[in-house]
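User: I would like to go through this model and ask how each label was reached. Please set the values against the cut-offs as we go.

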Amino acid sequence: MSSLNSYEHSTVPATMADASPLSFTILWSPLPPITWVLPFIGHMGIATSRGVACDFQGPYTVGERGRMAFGKPTRALRIDIRSLPGGADQWDKAITEANAEYCTRMHNICCDNCHSHVAYALNAMDIRAYGVRNWDMVKLCFLMFFKGKFLGVEGFVRQFLPFGLLLLIATLVKVI
């Protein structure tokens with residue numbers, strides 16, 4: 001699992017070899033207690049070309065220094081930017097634009113949330129990935145659930161163990 005670095009606005013990796021393992025990724029972490037009941041729902045952020053996490057953390061608050069609101073990301077989904085005009089510069093510019101916009105927005109858990117922030121950034125860069133061009137929070141939710149890679153065993157446990165325990169308890173209560 002990689003650590004998150006401090007945000008550096010002016011630097012971009014010269015090559016992919018200089019990039020962080022989290023560069024150009026959508027990030028996900030569990031959102032207790034919601035993830036315990038619905039394991040496909042969690043907190044989402046997007047990493048800059050340097051691998052620094054940015055996420056919409058609450059009303060008028062965007063984290064852009066690598067620390068996500070609900071802890072280290074447990075899953076990541078890499079986006080291939082080879083076809084993105086402007087490459088890493090465009091990626092970072094779109095994230096900066098999304099961050100600035102979401103610093104002016106009220107957080108709404110159902111309609112304008114961390115998933116919307118990531119969708120805004122991806123739409124601003126006009127990137128097509130995984131067959132998606134017009135990004136929204138529902139597409140991102142299911143894309144991350146089915147395609148996102150766990151960053152370690154701990155991530156899998158944090159996402160599914162509480163749900164499994166709740167399912168086991170519900171089954172035992174029904175049987176007894």
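User: Where is Phe-24 found?

Analyst: The model is a predicted one. Phe-24 is found in the segment before strand 1.

User: Why is Phe-24 called buried?

Analyst: Its relative accessibility is 2%. Buried means under 20%, so Phe-24 counts as buried. Phi of Phe-24 is near 60°, a positive value in a residue other than glycine.

User: Which other residue has a positive phi although it is not a glycine?

Analyst: Tyr-60, with a phi of about 60°. Tyr-60 is found in the loop between strand 3 and strand 4 (61-63).

User: What is the geometry of the peptide bond from Pro-32 to Pro-33?

Analyst: That bond is cis, with omega near -5°. Pro-33 sits in the loop between strand 1 and helix 1.

User: What are the elements of the chain, and in which order do they run?

Analyst: There are five helices and six strands. From the N terminus on, the order is β-α-β-β-β-β-α-α-α-β-α. Of the 176 residues in the chain, 43% are buried. Among contacts with a separation of 6 or more, 66% come from residues 24 or more positions apart.

User: What makes Phe-40 and Phe-142 a stacked pair?

Analyst: Two values decide it. The ring centres are 5.7 Å apart, and rings pair if their centres lie within 6.5 Å. The planes are at 20°, and planes under 30 degrees apart count as stacked, so the pair is stacked.

User: Why is this pair said to tie together parts that are apart in sequence?

Analyst: Phe-40 lies in the loop between helix 1 (34-37) and strand 2, whereas Phe-142 lies in helix 4, so the parts that the pair ties together are 102 residues apart in sequence.

User: How many aromatic pairs does a search of the whole structure find, and which residues form one aromatic cluster?

Analyst: The search finds 11 aromatic pairs. One cluster is formed by Phe-40, Phe-142, Phe-145, Phe-146, Phe-150, Phe-156 and Phe-160.

User: What caps the N-terminal end of helix 4?

Analyst: Asp-136 does. A side-chain oxygen of Asp-136 lies 3.0 Å from the backbone nitrogen of Val-138, and the limit for a polar contact is 3.5 Å.

User: Which residues of helix 4 are buried, and what covers them?

Analyst: The buried residues are Leu-140, Cys-141, Leu-143 and Met-144. What covers them includes strand 1 (25-30), strand 2, strand 5 (75-78) and helix 3.

User: What does helix 4 give to the lining of the largest pocket?

Analyst: Helix 4 gives the most, with four residues. About 320 Å³ of space lies in that pocket. Of the 19 lining residues, Ile-41, Gly-42, Ile-109, Asn-113 and His-115 are the closest to its centre. Elements that give two or more residues are strand 2 (42-47), strand 3 (53-58), helix 3 (114-125) and helix 4 (137-147).

User: What is the make-up of that lining by class?

Analyst: The lining has 13 nonpolar, six polar and no charged residues.

User: Why is Ser-49 called buried, and what does its side chain contact?

Analyst: Ser-49 has 0% relative accessibility. The cut-off is under 20%, so Ser-49 counts as buried. Its side chain makes a polar contact with the side chain of Asp-92 at 2.5 Å. Ser-49 is found in the loop between strand 2 and strand 3.

User: Where does Arg-50 lie, and is it buried or partly exposed?

Analyst: Arg-50 lies in the loop between strand 2 and strand 3. Its relative accessible area is 26%, so Arg-50 is partly exposed. Arg-50 and Pro-21 are 29 residues apart in sequence and 8.9 Å apart in space, C-alpha to C-alpha.

How values were computed
Residues are numbered from 1 along each chain as its sequence is written. This is a predicted model: local features need pLDDT of at least 70, side-chain atom pairs count only at pLDDT 80 or more; totals for chains, interfaces and linings use all residues. Side-chain values use heavy atoms; hydrogens and water are left out. On a 1 Å grid over the protein atoms alone, a cavity is a set of points where a 1.4 Å probe fits but cannot get out, and a pocket is an open set with protein on both sides within 12 Å along at least five of seven lines; lining residues have an atom within 4 Å of a point. Grid points are joined across faces, edges and corners, and a volume is the space filled by probe spheres set on the points. Ala, Val, Leu, Ile, Met, Phe, Trp, Tyr, Cys and Pro count as nonpolar, Asp, Glu, Lys and Arg as charged, and the others, Gly among them, as polar. Buried means under 20% relative accessible area, exposed over 50%, partly exposed in between (1.4 Å probe, protein chains only). Contact means heavy atoms within 4.5 Å. A polar contact is a pair of N or O atoms within 3.5 Å; within protein, one must be able to donate a hydrogen and the other to accept it, and residues adjacent in sequence count only if both atoms are side-chain atoms. Rings of Phe, Tyr and Trp (its six-membered ring) pair if their centres lie within 6.5 Å; planes under 30 degrees apart count as stacked, over 60 as edge-to-face and the rest as tilted.
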